[in-house]
Amino acid sequence: MTDIKGDTSPQEKNTVGSSWKYALAFTVAVLAGVLNGWISTRPGLEAARFLSEVFIRLFKFVSVPVIGVTICLTIAELGSSKSGKSLWQRTLFYTLTTTLAAATVAAVLYHILSSENISLAAGTADPGIADKKSYLEYFTAVVPDNPLAPLVDGKVLSILLIAIAVGIAIRCVPSPAQKETLKNFLGGVQSVIFTIIKWIIAVLPLGIFGFVSLCVYEFSKGISTEGIGTYFSVVIGSNLIQGLVILPLFLLAHRINPVRHFAGMFQALVVAFFSKSSAGTLPVTISCAENKLHLNPRVTRFTLPICTTINMNGCAAFILTTEVYLMQNNGTVITPGILAVWVVIATVAAIGNAGVPMGCYLLSASLLASMDVPIVILGIILPVYAVLDMLETALNVFSDSCVAAMVDRTSGKDAGAAGTPIPEKAA
């Protein structure tokens, strides 16, 4: 942390040093992957395939517990304090609605722009695979008939369903002692999972080398990249629409001036953009919300930490666009019905997204790997993901502040709502 005088602690200096080392290793891995894929020697490609397969397996390994445990624990812990029941209910409502709106904007934009495929030279899935089952059969398969089967088979939708049900059930347990025991157990499991994820991230440059190598190799064999530009347009466009249109409309609906709100949060947005960490920006976010927007501290210090964990507008848009685009490239025919289903999945997955570096990217890779969708194309996305991550983080922090403002505005006398009201003439 940085104190009031601006001094940096030794721990933060070590973190900065580690970040530079990791960035260097990351850069070297990308460059080495490009060189290896371009030269295309047999030993080099075999090593790349080996590393890619290992990391796909690792993604599958962490995807099930990350999604299941995080969502389950998040639902179980929300509203555990009776004094904050009203606040968390409003926080959860606005988080769900804004995140759902972000995923919906991405789905609509994806449908309008109609992204073209990247035609990999390597074999892809059967284009008719989406027609082999009816939608009712897919929905029926989501309901588990065995508590362990979804965990063993990596069925993401079934895991989401189980996690939500268990999280709600824990909240309904009558004994406080038993409820705390269950939450402590889940918290311990989550800590173990996050530790394993840190280990995976520490050696991720090896996986990046493999993914980039195979991606460049596919380029060298002939690959059409016309659709990738549309993909990036959907991701960036949906984030901009959400931040510049949708969220201001939410604020206007609550008689909050979006221009003044944006100006008040500008410092936090700049920090979020360059740090790519909504959690690291939290102190600045709270300071701007309280000192410049004059929101009630009781609201900001309760709502903003929760939003930092579960309010991921940018992540929802990225997950939906990435999952659907890679599914399309794998032979799935993307229909409005599929987009509608993925709006819900992306919303829930974004809320349960783990707060780790490259969280959205890793979660997307894990979801795809768990569905046996090839993730080679993620190597194309990776070099510019840092820019996407900056935009997504800024959107997440802006959305957090909007949720806090709306909660503050609707809390009435309980929270002493202030907000930034629109002048009567502009109302």
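Predicted model: local features only at pLDDT ≥ 70, side-chain atom pairs only at ≥ 80, totals over all residues.
A residue counts as buried when its relative accessible area is under 20%, as exposed when that area is over 50%, and as partly exposed in between, using a 1.4 Å probe and protein chains only. L252 belongs to helix α9, which covers residues 226–253.

Residues are numbered from 1 along each chain as its sequence is written, and side-chain values use heavy atoms, with hydrogens and water left out.

Let's start with the whole protein. It has 16 helices and zero strands; both are DSSP runs numbered from the N terminus, where a helix is H or I with at least four residues and a strand is E with at least two. Of its 427 residues, 50% count as buried. Contacts, meaning heavy atoms within 4.5 Å, tell us about the fold as well: among those between residues at least 6 apart in sequence, 83% join residues at least 24 apart. The protein exposes about 20,200 Å², and carbon and sulfur atoms supply 67% of that area. Accessible areas come from the Shrake-Rupley method with a 1.4 Å probe, and for residues only the protein chains shown count as cover.

Now walk along the chain. Between α1 (10–39) and α2 there is a loop, and S40 sits in it. S40 has a positive phi of about 60 degrees, although it is not a glycine. With a relative accessible area of 25%, S40 is partly exposed.

A salt bridge is a side-chain nitrogen of Lys or Arg within 4 Å of a carboxyl oxygen of Asp or Glu. How many salt bridges does a search of the whole structure find? It finds two. One of them joins the side chains of E46 and R42, at 3.2 Å from N to O. Why are E46 and R42 separated by about one helical turn? They are four residues apart in helix α2 (residues 42–77). An α-helix has 3.6 residues a turn, so residues three or four places apart point the same way. R42 is exposed at 66% relative accessibility, whereas E46 is partly exposed at 44%.

Helix α2 also holds R57, which is exposed at 57% relative accessibility. The C-alpha atoms of R57 and S366 are separated by 9.0 Å, while the two residues are 309 apart along the chain.

K183 and E180 form a salt bridge too, with 3.2 Å from N to O. Both lie in helix α7 (residues 176–202), three residues apart, or about one turn of the helix. K183 is buried at 7% relative accessibility, and E180 is partly exposed at 38%. Other buried residues of α7 include L186, G187, Q190 and I193.

Let's go back to L252. Together with I236, L240, I241, L244, V245 and L249, L252 makes a nonpolar surface patch of about 580 Å². Patches are made of residues with over 30% relative accessible area and no salt bridge; like charges are joined within 9 Å, and nonpolar side chains (Val, Leu, Ile, Met, Phe, Trp, Tyr) within 5 Å. In the loop between α9 and α10 (258–275) you will find R255, a residue other than glycine whose phi is positive, near 55 degrees.

Finally, look at the aromatic rings. Rings of Phe, Tyr and Trp (its six-membered ring) pair if their centres lie within 6.5 Å; planes under 30 degrees apart count as stacked, over 60 as edge-to-face and the rest as tilted. The structure holds five such pairs. The rings of Y231 and F232 have centres 5.2 Å apart and planes at 65 degrees, so this pair is edge-to-face. Y231 is buried at 0%, and F232 is buried at 17%. Ring pairs link Y231 and F232 with Y325 in a cluster.
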